[in-house]
Amino acid sequence: MTPGGPEAGFAADARPACGSCGAVYDPAAGDPGREVPPGTPFGGLPDYWRCPGCGGPQHGFTVAAPPSADPMDLRVAALTASYRLIAERDMAGVPICNAALAVEALGFRPHGPGWIGCVIAPWFLNAVLIPRDPALWADRRDGDKVEVDLPSGPYRFTAARVGVLGTLAVIPLASAMNVFTDQEDARAAASLALDHLMRTPQPAPQTDPSPATDADAAKPALSRRSLFGRARR
């Protein structure tokens with residue numbers, strides 16, 4: 001992938017190739033047989049579009065990257081480009097958006113099957129796990145749950161398909177983005193939330209145990225609401 005490309009991680013004139021059969025998509029030609037007009041960049045293809053050679057998914061297409069390129073940086077750049085495209089094309093002026101905020105990815109680091117970090121957008125704040133293999137959760141539909149163990153414990157992520165990146169796993173941390181005054185405020189909340197997710201719990205001090213009640217046993221160790229609440233304190 002071309003880092004920072006404006007169309008779902010690819011440059012507008014990129015000619016990505018299918019990893020399965022080698023078929024090349026040429027944006028200058030489009031795919032009129034599938035109702036894709038000439039001049040359509042790869043990131044602008046409709047969701048229904050598949051490889052004309054083998055029927056493979058869009059996330060199976062890649063553009064050769066420089067040998068020195070870091071895979072995590074490439075995927076994060078593609079993720080950011082995808083959400084910026086959505087912000088410009090679909091979300092401009094939508095009432096739920098906070099005009100003081102911009103799309104930004106921060107704190108990404110390797111974890112488990114991919115890379116985890118936070119994404120800020122004018123309409124959401126999410127923890128996001130990008131899989132190394134774009135086909136890892138290809139059988140999951142948007143909204144399906146994905147169980148992932150983090151250092152702070154197990155979490156139920158939500159599957160979300162994002163263009164050529166395939167299906168990501170996300171934890172919504174905030175949706176009412178007007179609680180943030182500016183980008184720096186949102187960054188601080190994202191960093192603290194990610195710190196809670198990725199912090200290994202410390203052993204409790206040795207004290208005389210007190211009897212546990214049924215109510216105590218039923219409480220979750222850390223809910224999404226409590227996580228974000230702690231992050232904002």
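I counted 8 aromatic pairs in this predicted model, taking rings of Phe, Tyr and Trp (its six-membered ring) as paired if their centres lie within 6.5 Å, with planes under 30 degrees apart called stacked, over 60 edge-to-face and the rest tilted.

Helices (H or I, at least four residues) and strands (E, at least two) are DSSP runs, numbered from the N terminus.

I then took tyrosine 83 with phenylalanine 124, an edge-to-face pair at 5.1 Å centre to centre and 65° between the planes. Phenylalanine 124 lies in strand β5, 41 residues from tyrosine 83 in helix α1.

I checked burial next (buried is under 20% relative accessible area, exposed over 50%, partly exposed in between; 1.4 Å probe, protein chains only). Tyrosine 83 is buried at 9%, phenylalanine 124 is buried at 8%, and tryptophan 123 is buried too.

Elsewhere I noted one aromatic cluster formed by Tyr25, Phe42, Trp49 and Phe61.

I also found the charged end of arginine 132 over the ring of tryptophan 115, 5.0 Å from its centre; the rule wants NZ of Lys or CZ of Arg within 6 Å of the ring centre and within 35 degrees of the ring normal.

Residues are numbered from 1 along each chain as its sequence is written, and side-chain values use heavy atoms, without hydrogens and water. Local features need pLDDT of at least 70 and side-chain atom pairs count only at pLDDT 80 or more, while totals for chains, interfaces and linings use all residues.
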